[in-house]
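Let's take a walk through this one together. Keep the sequence and the 3D view side by side, and pick out each stop as we reach it.

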Amino acid sequence: MARIVLRNGLTDVADITGGHVAEVLEAIRLFPEDPEFASFYPSAQQFYEGPAKSWITHLHQLEVVLFHRGQVAKQPRKLMPSWKPPLTLPPRMLAVAQKWLAARKLTDAPSTVDKLELAVRTLCRWLEANHSGITTFADVTRDHCLGWIGHIAEAPTEKTGKPLGVMSRIQRISGLSQFFRDTALWQYPDVPGHHTLIGAGDAPKFPLKVPRFIPDDELDQLMLAIDAIVCPFQRAALLVARWSGARRTEIQRLPMDCLDRYPDGTARLRLSGRKTYKERVVPLHEDAATALQQAIDLRRNAPGRRFATCS
């Protein structure tokens, strides 16, 4: 805000518009082309991966506030550069992969589709490096898949320099297993056509851990800190997390009618179905119910414009 106000000579926050935010975003994009850029950052990549991301985040937050105040007409969307290059596969393999991913997008969440694509991508990279003669998924055998599984268990990754963790390997293997299973059932051309080319038994077992409880002395300190929070929304969110065990995204998207009571008067919290596609109802401690009701009342009576959301 300070940069916008100083550059445009504004004297009232109500004068800030979406055009001012867009101007700053354009300046961030073009800054590496400035002759003095090298005096501030050693490379454009270092700028885009560090300070530019921070600026974009702050500007998005400002634009959200301006939208709620009615100073920005369009609901803001945070658009970050794609973190992955497009799929580059032999034509017949690319056609099958794109057709399958398009089908999965109809029912799966975007994050799930990204994980499925990553599984196919890593297999094809390994095939290109070790079996360059393969140009169709129909030529892929179980031995190839087992070789790839051994590779991802031992090869260091570019980001950490260490092999993939257990959970990441389970996701990759599960995604590839689903690819072969779906394409066989849907009778795609240029695929092995075997439902069990690889399966759950080929993935490592994830260690089951006993949930760690918070010791009483640490919990007492935590609750004192929560009680001291001034913001009613932050306080309500933490208390709901404390007493319901809800996921972060479930708490973020609680609807206005999420709170009611059982016949005996105990508070009841309704959590909308998101990751699991199933709604659930949990009893809620009175402290959390009181804090949540205060937050609901504030939002219900707030003059700000709301986001248009979908389930």
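V13 counts as partly exposed, because its relative accessibility is 35% (buried means under 20% relative accessible area, exposed over 50%, and partly exposed in between, using a 1.4 Å probe and protein chains only). You'll find V13 in the loop between α1 and α2; helices here are DSSP runs of H or I with at least four residues, strands are E runs of at least two, and both are numbered from the N terminus. Leaving out residues up to four places away in sequence, V13 touches M1, R69 and Q71, where contact means heavy atoms within 4.5 Å. V13 and L66 sit 53 residues apart in sequence, yet their C-alpha atoms are 9.4 Å apart in space.

A quick word on what you're looking at. This is a predicted model, in which local features need pLDDT of at least 70 and side-chain atom pairs count only at pLDDT 80 or more, while totals for chains, interfaces and linings use all residues. Residues are numbered from 1 along each chain as its sequence is written, and side-chain values use heavy atoms, with hydrogens and water left out.

L66 brings us to helix α4, where L66 is one of the buried residues. Helix α4 covers residues 51-68, which makes 18 residues, and it reaches 26 Å from its first C-alpha to its last. That's close to the 26 Å expected at 1.5 Å a residue, the expected span being 1.5 Å times one less than the number of residues. Which residues of α4 are buried? They are A52, L59, L62, E63, V64, L66 and F67, and they pack against α1 (2-8), α2 (18-30) and α3 (44-49). V65, also in α4, counts as partly exposed because its relative accessibility is 44%. Look for G304 as well: V65 and G304 are 239 residues apart in sequence, but 9.0 Å apart in space, C-alpha to C-alpha. Just after α4 comes G70, with a positive phi of about 85°.

Now for some helix pairs. Two packed helices are described by the angle between their axes and the distance between the axes. Axes are lines fitted to C-alpha atoms, for helices over the stretch in contact, and the angles run from 0 to 180 degrees between N-to-C directions. Angles under 35 degrees count as roughly parallel, over 145 as roughly antiparallel, 65 to 115 as roughly perpendicular, and the rest as oblique.

Start with helix α7 (residues 142-154) and helix α8 (residues 166-185), whose axes come within 10 Å and cross at roughly 160°. The two are therefore roughly antiparallel to each other. On the α7 side, the contact is made by C145, W148, I149, I152 and A153, and on the α8 side by R169, R172, I173, L176 and F180. By class, that gives eight nonpolar, no polar and two charged residues (Ala, Val, Leu, Ile, Met, Phe, Trp, Tyr, Cys and Pro count as nonpolar, Asp, Glu, Lys and Arg as charged, and the others, Gly among them, as polar).

Helix α8 has another partner in helix α5 (residues 91-104), and this pair packs at an angle of about 95°, with axes 11 Å apart. So α5 and α8 are roughly perpendicular to each other. V96, A97, W100 and R104 of α5 meet G175, Q178, F179, D182 and T183 of α8, a set that divides into four nonpolar, three polar and two charged residues. Is D182 buried or exposed? D182 counts as buried, because its relative accessibility is 8%. Setting aside neighbours within four places in sequence, D182 is in contact with W100 and R104.

Moving on from α8, we get to the loop between α8 and α9 (216-227), which holds Q187. Q187 has a positive phi of about 55° although it is not a glycine, and at 70% relative accessibility it counts as exposed. D190 is found in the loop between α8 and α9 too, with a positive phi near 60° in a residue other than glycine. D190 is partly exposed, with a relative accessible area of 26%.

Our last stop is α9 and helix α10 (residues 232-244), whose axes come within 9 Å and cross at roughly 150°. That makes α9 roughly antiparallel to α10. Here L219, M223, I226 and D227 in α9 meet R235, L238, L239 and R242 in α10, and these residues divide into five nonpolar, no polar and three charged.
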